[in-house]
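Work through the exercises below with the sequence and the model at hand. Each task is followed by a solution in steps.

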Amino acid sequence: TCEAEAARAAMGGSASLLPRELLGEYQELTFLSKQEILLAYKRFSELLPKEERENACSARVPKSQILTLPELRANPFQHRICRVFSTSDSGDDSMSFEDFLDMLSVFSDSATSDIKSHYAFRIFDFDDDGTLDRKDLEKLVNCLTGQGKESRLSNAEMEQLIRNILEESDIDKDGTINLSEFQHVVSRSPDFTRYGGLQR
Amino acid sequence: EVFLPEEPRPAAPVDFLQELPSYQSALRRRAAAGGTQERRAAPQSSAGLRAAEARGPEQEGGELAARPARECPLTIAEKRRLRDCQQADIKYISGWKQWKRTSSKSLKKVLSEVRELFSYLELWRRDIHSIEGKFGTGIQSYFSFLRFLVLLNFIIFILMFSFVTLPSIISEYGIFNSSFAKISPKNIEPHCTVYKPSGNMGLVYFYTYLKDLLSGTGFLEVTSLFYGYYTIDAAWLSILRYNLPLAYLLATFAYLALSLLWIIKRSVEGFKQNLVHDEDQFQSYCNKVFAGWDFCITDPHAARLKHRSLQYELQTDLEEERLKRKIADRTMKEKLRIYSLRIFINIIVIAVLSGCFYSIYRATVFSQENSNVSIGHDVTNLLVQYLPSIVITLANFIAPQIFSFLIRFEDYSPAFEIRLTLMRCVFVRLANIGVLLFSLWSQISYCATDECKACGYNYELYPCWESEVGQEMYKLMIFDFIIILAGTLFVDFPRKLLVTYCSCKPVQWCGLQEFGISDNVLEIIYGQTICWIGTFFSPLLPAIATIKYFFIFYIKKISLIHTCKPAARPIRASSSNFFFLVVLLIGLVLAFIPLGISIAHIPSSKACGPFRSFNTSWAVVPDTILGFPTGLQQVLHGIASEAFAVPFFMVICLIMFYFIALAGAHKRVVEQLREQLVMVRFDPLFCTPKV
């Protein structure tokens with residue numbers, strides 16, 4: 001466990017590496033390979049201030065630090081990603097090492113499309129109500145086209161687009177997309193599995 | 001918790017779709033075979049951790065259909081608890097099942113380690129990753145495609161080398177106590193068998209070597225690069241007899257079949273998507289919106305470009321939809337005008353194509369007539385030899401410009417415009433090679449005298465015509481490589497320097513060039529088609545192709561990083577992968593035609609090559625079959641006869657009709673189920689209060 005590891009590191013002052021059982025456990029519980037987990041550990045400790053690096057396992061990194069990662073820096077869904085993967089009780093969207101691993105695991109190439117679509121749904125669900133309604137879709141499209149005023153679609157175009165999306169994916173015609181419909185539509189989307197990958 | 005777990009509903013909407021007849025019958029078959037009740041778990045979203053735990057202790061006797069913990073969308077701490085739960089259940093299972101479970105787990109671990117090891121061996125992995133990060137997946141698919149071609153050519157080279165070149169060389173030099181046998185052809189006129197290649201003539205000027213290297217004549221003609229070298233009829237290794245002519249022919253068929261299977265295997269994914277979902281833009285909006293963001297982008301500048309391109313793409317699609325509605329409202333008079341305009345423009349296109357073909361034909365005839373006469377300087381001689389290549393390259397450059405200009409008048413929707421122009425360009429490039437070969441053959445089989453007719457081909461000018469064709473393909477390949485190199489050095493880099501250091505308006509308006517994916521892909525597919533056609537006439541050509549594509553990768557990569565700006569109009573990776581492979585497949589099929597005609601129709605040259613003693617190259621196969629035992633001969637004759645072919649064809653047709661009918665029936669069921677889903681929403685029996 002993390003506490004034992006921290007104690008060992010404090011005693012021996014050895015380089016902060018993951019112990020083998022922890023490494024093996026993470027390999028079993030995520031889709032990452034051994035190399036990827038070690039690399040993730042290195043990157044995670046770099047986000048921490050120097051004093052906390054020994055306890056990297058149990059430390060929490062504030063959201064502002066996480067957003068400096070190159071993959072998230074340019075990502076329009078950065079805030080949603082932090083919110084979805086963070087297990088912080090205080091609601092400040094800070095991430096522990098295990099949350100970080102979870103995030104990398106979902107975005108890795110070997111994650112199943114089931115997992116990817118489940119988390120994609122949660123990321124796109126801006127109001128966290130369990131369905132994608134018109135407001136969620138509108139915010140999603142605005143995220144995609146950019147933040148500036150001139151990069152948004154006009155109201156008429158947005159209406160037309162949302163109508164088309166609902167026509168294609170809303171099976172029970174209730175005006176919202178629930179998880180099953182989302183997973184169904186995304187499983188047949190040729191670009192989804194390719195684009196879901198985060199590289200190191 | 002962010003996501004509140006819902007109560008497992010009696011039938012979630014997507015389960016209705018799992019009641020398709022085919023799925024149900026597959027389930028029943030699985031249950032009957034395994035003797036277990038495996039109900040495929042609905043996505044775990046509808047059951048939180050507590051439900052999973054509740055399910056755990058229930059399944060004591062039967063096979064646990066539980067998913068491994070990492071496939072559940074939970075946090076790591078929760079997954080740990082789930083896994084401990086699952087392991088606790090193992091105690092309730094018999095020893096045999098326990099052993100099966102642990103062995104499958106360790107097998108999966110070993111497989112993943114092996115896969116990780118192999119990923120390190122992948123060629124150019126890091127280069128392609130960095131390109132993906134900076135330029136997106138559209139351009140990355142071009143480089144992956146290039147890597148695929150390098151590997152394909154390398155494998156073809158290994159195939160031809162080990163089955164054709166290596167036995168020849170081994171038996172010729174008597175290594176491993178081998179020997180060879182050359183059977184002199186019987187019933188052949190002696191004048192057909194005269195072949196004196198110039199070869200190495202002792203002391204010559206250095207530039208003669210260079211000229212020979214560029215045009216495949218002289219010292220290169222007698223090496224194992226070309227068909228004429230392989231004159232051995234059989235090689236003996238102690239008591240084993242190696243039939244070289246048969247091996248040559250079979251290796252040719254083998255590399256064609258290998259290319260076909262490999263391309264089909266790679267395109268199967270994209271093919272499925274495009275075939276099933278081709279009915280009017282099915283799901284294209286969902287695909288663009290839900291899968292639109294390229295998570296590989298790390299550069300903020302690239303991200304801004306991606307935003308803009310997504311906005312552009314969405315707006316174009318919406319505009320196209322509005323345009324389609326407008327088109328549907330067209331009056332009769334307008335339709336007539338547009339159709340007559342389109343017919344007229346297509347006639348112009350055909351005229352342009354005929355112009356190209358005719359100029360290639362004339363250039364080839366001119367080149368063949370004048371290259372044997374050493375007129376004037378060697379450089380002019382070289383130019384005359386390269387004339388067909390030059391004309392083809394010019395045609396490949398000019399024709400697409402004309403097409404993209406003409407298509408504006410045809411008033412198609414933008415997406416269809418792009419596709420039609422691309423198809424026309426593809427056709428021009430591939431047909432040019434065909435015209436070149438056709439003009440070569442017309443020269444080769446042109447027979448005026450009786451002696452010539454006795455041989456079947458023009459024995460005076462082309463004593464070894466396969467080597468000639470091989471040389472033409474070799475020249476095409478070399479010239480293609482030179483053009484790509486020259487294009488990068490003399491067009492891309494000066495343009496970049498001009499744009500960086502000169503600030504006058506027209507230069508800045510031109511700007512840096514974009515990396516035109518389709519143009520570059522057509523270029524390398526053109527080169528690959530030449531390689532496929534040429535390998536029969538020049539067995540070591542794939543090696544040259546491998547080296548050529550290897551260097552092109554680095555040239556294109558450097559050109560991309562230093563001189564290109566990202567494209568304003570993106571091409572999606574999924575559709576582009578499928579498109580590249582379809583065009584490659586067209587190239588391969590078009591390569592079958594000239595090869596088929598050469599092998600089966602045109603008489604093989606009697607003065608050189610492994611097929612001297614046969615009428616055509618194909619004749620070695622019936623000859624070998626005659627040497628088989630009579631039973632096998634009869635079986636083979638039966639398979640090739642009409643008595644087998646016609647019933648076989650009818651059975652294939654029946655199977656195809658069956659699958660079409662099945663697909664139609666499934667479609668109807670899906671429609672009915674969709675309607676039922678809409679009605680279910682209002683049925684109070686199924687309604688559950690949403691949280």
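## Exercise 1: The interface between the chains

Contact between the chains involves 70 residues of chain B and 77 residues of chain A. The model is predicted.

Task: State how much area is buried between chain B and chain A, and what part of it carbon and sulfur atoms give.

Solution. 
1. The size of an interface is often expressed as the accessible area that is lost when the parts come together.
2. Between chain B and chain A, about 6800 Å² is buried.
3. Carbon and sulfur atoms give 57% of that area.
4. On the chain B side, Arg70(B), Phe290(B) and Phe295(B) supply 13% of the area buried against chain A, more than any other three residues.

## Exercise 2: Two helices of chain B

Task: Classify the packing of helix H19 (residues 517-535) and helix H20 (residues 541-563) of chain B.

Solution. 
1. The two helices pack at an angle of about 170 degrees, and their axes are 9 Å apart.
2. Angles over 145 degrees count as roughly antiparallel, so H19(B) is roughly antiparallel to H20(B).
3. The crossing of H19(B) and H20(B) is right-handed.
4. H19(B) contributes residues including Ile524(B), Gly527(B), Ile530(B) and Cys531(B) to the contact, and among those from H20(B) are Leu541(B), Ala545(B) and Tyr549(B).
5. By class, this contact of H19(B) with H20(B) has seven nonpolar, five polar and three charged residues.

## Exercise 3: Two helices of chain A

Solution. 
1. H8(A) crosses H11(A) in a right-handed sense.
2. The contact is made by Asp114(A), Ser117(A), His118(A), Ala120(A), Phe121(A) and Phe124(A) of H8(A), with Leu179(A), Phe182(A), Gln183(A) and Val186(A) of H11(A).
3. Six of the residues in the contact of H8(A) with H11(A) are nonpolar, three are polar and one is charged.

## Exercise 4: Annotated spans

Solution. 
1. In chain A, an unreviewed UniProt entry places "domain: EF-hand" at residues 112-147 and 157-192.
2. Residues 112-147 of chain A are 67% helix and 0% strand, with the end C-alpha atoms 31 Å apart.
3. In chain B, an unreviewed UniProt entry lists spans for "transmembrane region", including residues 148-170 and 644-665.
4. Residues 148-170 of chain B are 100% helix and 0% strand, and their end C-alpha atoms lie 31 Å apart.
5. Residues 644-665 of chain B are 100% helix and 0% strand, with the end C-alpha atoms 32 Å apart.

Methods: Residues numbered from 1 in each chain as written. Chains lettered and ligands numbered in written order. Predicted model: local features only at pLDDT ≥ 70, side-chain atom pairs only at ≥ 80, totals over all residues. Heavy atoms only, no water. Axes fitted to C-alpha atoms, helices over the stretch in contact; angles between N-to-C directions. Helix = DSSP H or I, 4+ residues; strand = E, 2+ residues; numbered from the N terminus. Parallel < 35°, antiparallel > 145°, perpendicular 65-115°, else oblique. Left-handed = near helix turned anticlockwise from the far one by under 90°. Contact = heavy atoms within 4.5 Å. Nonpolar A, V, L, I, M, F, W, Y, C, P; charged D, E, K, R; others polar. UniProt positions renumbered as here; feature names shortened; annotations may be inferred. Buried area = accessible area lost by both parts, 1.4 Å probe.
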